[in-house]
Amino acid sequence: MTDAADRLLVNAVVHTLTDPDTVFEAVAIRDGEIIRLGDSYELEFLEGVETDVIDCDGRVVLPGFIDAHTHMEQLGQHLVHADLSTADSAADCLEALSAQADRDPDREWVLGFGYDDSAWESGPLTRADLDAVSEDRPVVAMRVDLHTASLNSVALERFADDLPADDLRTADGEPTGVAVEDAAEAVRRQLTADRDELREVLSAATQYAVEHGVTGVHDKVRGSSAPRVYRELAANDELPIRVRIDYWSDHLESLVDVGLTTNAGSDRVQTGAIKSFSDGSIGSRTAKLQEPYAAVAAEPDAECESADHERGQWVVDPDELGTLVARADGEGYQLCIHAIGDEAIEETLSALEETSDPGGRRHRIEHAELLTDGQIDRMAEAGIVASMQPNFHRWAGEGGLYDQRLGEERRLRTNRFRRVLEAGVPLAFGSDCMPLDPLLGVQHAVTAPTDAQRLSVTEALRAYTHGAAAAGFDDDRLGTLAVGKRADLVVLEASPWTQAERIDEIDVAMTIVDGEVVFDGREA
Ligand SMILES: [Zn+2]
């Protein structure tokens, strides 16, 4: 007598995404683990009276997607509060905030996230703007980069003593409601200081993740509340996905103190890497480049650039980064360093190459958008992970953002996934929550402008499953479908291989984590 399966998925097209990819018709799950793959009739003997048999009706089953670069708190804020990221004007923002105030009359604070005033005449939202939304409830709108917060009069009064006056803009001696830098950061922290609020925000974000087929994330966490809330949610069985927490580097000494090292934790919530930055971004001309940015003359609204900034700027300079890398590596931590421009990648790579065992520690470069050939070969040699975002290919077209900022030659050098894979660099895909949607990323990877930037469907899916799992030391239990692995699966309504031009339009039918159905959106 054989122990029955808890769950059987039959009549499916099951891709294991192992190397090479193998296709089965059915998968059997017991105690959250894959116990058998085979033809539907072969697995019938595992059906007991209590077995949940799911007829997949020809749908495609893959390992669950693992997003190697997320910001779940920010994603959740956009979902729970007013999403200002698509607003084209200050008026649009105010309309969205007013709608939010009406929709949620019992929530005292009216919050909006992600506005971008760079294309407006009027500049950041002001106190006067936001007083029009409400004169008795506090209203706060955060700019997309989180370096500016806009407050109405009530919110300004509430925060009065907590905000450094130097970073509060004034006009005629009166605060305009625009808070920058340290003041903006103080506002941002206050907004999630309440753990109930953070629980709601992270729950919304993880629900969004499972609806997009994501079974695990490597979340870049800035404050210290989110890790605690993740663990509480997991303890209450309310965390539907696996979360690997990559901590902002200012947490390093506290983590060392309490003995939380890389890979410590449960099967649901783990300590990941120490995260730091070397440079900024290409869009804001702050990514650090070996050669100057393309001339700005073509852009009439651009301001005169100072010579210092024509090759971008350091967020953390190479000396400071080197010290951090040595310290974290010395304590046994994995590192993930944001480096986008070729100069930033050069310095980051040099710092990581200095560590004792870069490949064994699986140190990572996040984004790595503008790699040179030599850098790709050095990453392969050292075993350093490229944690890249295929959705960034949306800037790769002729006349697109990369073209404007970098010019033709360097545009064609961005995000060369094929070159990276062929050199033997471990490749992990993530979204940076721009937006969180692996199938959209896969779509970009398979339709990229040049051969060097393009992957096959199987390769792109592997980077979002096995590749991301390996970047989080999870390839022994996640990332492919095989007997003995955890049952983290996604069921798709259509096949990415037969619908390769519109992979982004494929709906997620079901998401299963640890053998449990955490999302069921099957069409009748
Ligand atoms: Zn990021």
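Predicted model: local features only at pLDDT ≥ 70, side-chain atom pairs only at ≥ 80, totals over all residues.
Among contacts between residues at least 6 apart in sequence, 72% join residues at least 24 apart.

**Overall fold**
- The chain has 16 helices and 24 strands.
- Its radius of gyration is 24 Å, close to the 24 Å that the globule rule gives for 524 residues, so the chain is as compact as a globular protein of that length.
- Along the principal axes, the C-alpha atoms fill a box of roughly 85 × 55 × 50 Å.
- Of the 524 residues, 56% count as buried.
- The accessible surface comes to about 21500 Å², and carbon and sulfur atoms account for 45% of that.

**Zinc site**
- Three residues hold the zinc ion: His 69 and His 71, each through NE2, plus Asp 432 through OD, at 2.1 to 2.2 Å.
- Along the chain, the donors are spaced H-x1-H-x360-D.

**Around Thr 511**
- Look for Thr 511 in strand S23 (residues 508-513).
- Thr 511 counts as buried because its relative accessibility is 0%.
- A polar atom of the Thr 511 side chain lies 2.7 Å from the backbone oxygen of Val 210.
- Leaving aside neighbours within four places in sequence, Thr 511 is in contact with residues including Val 210, Gly 213, Leu 489, Val 517 and Phe 519.

Definitions and conventions: Residues numbered from 1 in each chain as written. Heavy atoms only, no water. Donors = N, O, S within 2.8 Å, 3.2 Å for Na, K, Ca; no water. Helix = DSSP H or I, 4+ residues; strand = E, 2+ residues; numbered from the N terminus. Buried < 20%, exposed > 50% of the residue type's maximum accessible area, 1.4 Å probe, protein only. Polar contact = N/O pair within 3.5 Å; in protein donor to acceptor, adjacent residues only side chain to side chain. Contact = heavy atoms within 4.5 Å. Rg over C-alpha atoms; globule rule 2.2 N^0.38 Å. Areas by Shrake-Rupley, 256 points an atom, 1.4 Å probe, with all protein chains shown as cover.
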